[in-house]
Protein chains: 2
Amino acid sequence: MGKFRLARRVAMVGAGMSSFGAFPRKTSRDLFVDAFEAMLASMDKPFDPEQIDALVIGNYGSELFENQGHIAPLMADWVGLLPRPAVRIEDACASSGVAIRQGILAIAAGLHDVVLVGGVEKMTNMPTEQVTDVLGTGGDMLYEIPVGFTFPGFYAAMATAYGHEYGASPEALWRVAVKNHENGALNPKAQFPKTIRQVMDSRMAKAKEKGQPIPAWEDEMAFLQDDAVNPVIAWPLRLFDCSPITDGAACLLLVPEDRAREFSDAPVVIIGTGQASDSALHDRATLTGIPAARLAAEQAYAMAGVGPEAIQVTEVHDCFTIAEVIASEDLGFFAPGEGWQAAMAGRTARDGDKPINTSGGLKAKGHPVGASGAAQAVEMWEQLRGEAGERQTPGSPRIGMTHNVGATGSTCVVHIYERR
Amino acid sequence: MGKFRLARRVAMVGAGMSSFGAFPRKTSRDLFVDAFEAMLASMDKPFDPEQIDALVIGNYGSELFENQGHIAPLMADWVGLLPRPAVRIEDACASSGVAIRQGILAIAAGLHDVVLVGGVEKMTNMPTEQVTDVLGTGGDMLYEIPVGFTFPGFYAAMATAYGHEYGASPEALWRVAVKNHENGALNPKAQFPKTIRQVMDSRMAKAKEKGQPIPAWEDEMAFLQDDAVNPVIAWPLRLFDCSPITDGAACLLLVPEDRAREFSDAPVVIIGTGQASDSALHDRATLTGIPAARLAAEQAYAMAGVGPEAIQVTEVHDCFTIAEVIASEDLGFFAPGEGWQAAMAGRTARDGDKPINTSGGLKAKGHPVGASGAAQAVEMWEQLRGEAGERQTPGSPRIGMTHNVGATGSTCVVHIYERR
């Protein structure tokens, strides 16, 4: 499956995202323009967008969400980049992670020098049940969806198998939620501005104010165990185990490594890329890991010439809390079955030895599906350049990783980044 | 917009397609398997599919046609190629033309050596009006579709402008239809097995048999002028000016040029690629040409180091007859306004000086939208290797071209091929 090397290496010299959230008055086009402008604002040196050669856009379901297909040239039009070639990539929730890889290939191939990679999704304009149906098209519509599976159901099956196999408790998953909301609360672009502790405190204050009985939540774990605030969505997953429905976009600018200093004082070189596929979940060999993620990570490590121990900051695809735990094992940070204990022990917190989802992750930053992979790269841009503000990880990280999953893991794409 | 050169050149060493038509019992997966097997059967030397490194799949609207998104890994699964990376490209009807380009980039980048490029679409499982709505999502859903445009309407506007500007008559368009059906009748994979003359004769015979008055059609032009057999769809375009709704798939195998002889005795090198974008039609500077096609052709010619005079056989995107006439000008074969006269004079026939759509084109071979770009490359494979059977163009052509358009020309991708 390829030689794990590229004819030339590629660097990121700018990255930015729109605010993530629910924006009834914004279309995909508006969100994309927001991200493009944020990307331009992130750059170190004056840059004329006319230098851009081509666009690669990740988007999952614009034809179903907005009744609009063929969005790549529309996005090019709205950021003033006609008549440049524009390609739309769809690999479910991995669409813009795969778009990054296609942008890398376009430069490594020698055809283009300056490539805009973006991701965008507009999801909040339809009822939740309908969004669930749209997301379902990322599964297998012959063998899975007709028998009643939804995405919470898929990941609930994985969580059940994982709990059975390794003895993990729901509390381990809730620790992921608590951590990611703590990080997200420090991210000004995130969908959720509050920590779970803050949500809990505010509900207690409201009850007090109204003279209602004050719930006996002594901490977040007790709060999350309360069926009234954290109902079961698909057992064992509850509301706070699920990422939200989100509108948003993200953009990054890629150039050849040997030209990176023309555009940036501190470029972020993409030193590894890996991608693999798998069957839909119903035909998968295991439910306690995502084999395509392991393969993608192996390829990326091989290309980068580093191992898991070198990775200082990571964004993983936590569409559900269980997905983060599994990812932390698939990427080689923790042994199979030990990811949940690492989460419990705080090892994946900002100040832990393996910080994961400092952005808030899909869970708290939000999950506009086709934009999530590109938004992970935006977090790398900020963390590796020491620009992540209050959520900056300690120790000036130099090497980071992103892990973007399509559906239940039928697609997985991994990238490794190094600040220069 | 790039440097019109690649780090290494890429060759096609196999190409095949499913039958095109309406296949109620086949899904996209089945069609793709048919195309994959045809591709394998087309190869000169023994080949183990395990050598394939990656897949790039063009598909326009599986989420709308079949309620199935994320088809790239499903296709990989069904042809036994898991866990290889699989990317789905969507650029409306140019999806698999763009997929070919992405396949080229993956090889030129040095990452992969053997890439399977495919295109697939399953369209005939819903009523025609609904298909028209699905195709409409390739236009602009904010500014075009809400005011009543459909795809026949878009191309009717172009035909009207072209006729007004250059004095072309509907007969010039019908000549395109007659020619393409003549070619398609010689293509065993084409949707329509009959020439328009054969359709006309069979209707006359039927009328005679039933003792009905025999229509006074002295030739195809009279037949196509008859409102009863060739009703207006969107004036001036009539039924026989429109490509059909089709199920189908096509596949090709790409390798680096310097390894091509390992796989083929007569590889077809892709010596030029070009792609450009434009606004949706409502905001376009001209209706009598497709600017993105001109730009894409310029890029491809520059890379190949040849001009229009070198092209011996061409497949163009004749979603409507007017589109073929305009393409023949955009590609530089004829001056603006002279394409219709060339069609009238038979210059684009199989034995003309610029044979176009020897496969039957989208018009007669069929137009499974996401597969059409890849199917054009299949025709190049057969024509340039002298394997096109009864529809082989004379003179053993060595250099050919494909022209694949997304929507009304918001995307256009052009490739130039040379047999070695």
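What separates Phe151(B) and Phe154(B) in helix 6 of chain B? The answer is about one helical turn, because the two are three residues apart in that helix, which covers residues 151–166. Keep in mind that this is a predicted model.

Now look at the rings themselves. The centres of Phe151(B) and Phe154(B) lie 4.8 Å apart, and their planes meet at 70 degrees. Angles over 60 degrees count as edge-to-face, so this pair is edge-to-face. Both residues fall below the 20% limit for buried. Phe151(B) is buried because its relative accessibility is 10%. Phe154(B) is buried too, with a relative accessible area of 1%.

Turn to chain A. There, Phe149(A), Phe151(A) and Phe154(A) make up one aromatic cluster. Over all chains, the count of aromatic pairs is 14. One of them joins Phe223(A) and Phe240(A), edge-to-face, at 6.3 Å centre to centre and 65 degrees between the planes. Phe223(A) sits in helix 9 of chain A, while Phe240(A) sits in the loop between strand 6 and strand 7, so the pair ties together parts 17 residues apart in sequence. Phe223(A) and Phe240(A) are both buried.

Next comes helix 15 of chain A, residues 372–384. Its 13 residues should span 18 Å at 1.5 Å a residue, and the end C-alpha atoms are 18 Å apart, so the two values agree. The helix is mostly covered, with twelve of its 13 residues buried. Among them are Ser372(A), Met380(A) and Trp381(A). Arg385(A) lies over the face of Trp381(A), 3.8 Å from the ring centre. After helix 15 comes Gly386(A), with a positive phi near 70 degrees.

How values were computed. Residues numbered from 1 in each chain as written. Chains lettered and ligands numbered in written order. Predicted model: local features only at pLDDT ≥ 70, side-chain atom pairs only at ≥ 80, totals over all residues. Heavy atoms only, no water. Helix = DSSP H or I, 4+ residues; strand = E, 2+ residues; numbered from the N terminus. Expected span 1.5 Å × (residues − 1). Buried < 20%, exposed > 50% of the residue type's maximum accessible area, 1.4 Å probe, protein only. Phe/Tyr/Trp six-rings, centres within 6.5 Å; stacked < 30°, edge-to-face > 60°. Lys NZ or Arg CZ within 6 Å of the ring centre and 35° of its normal.
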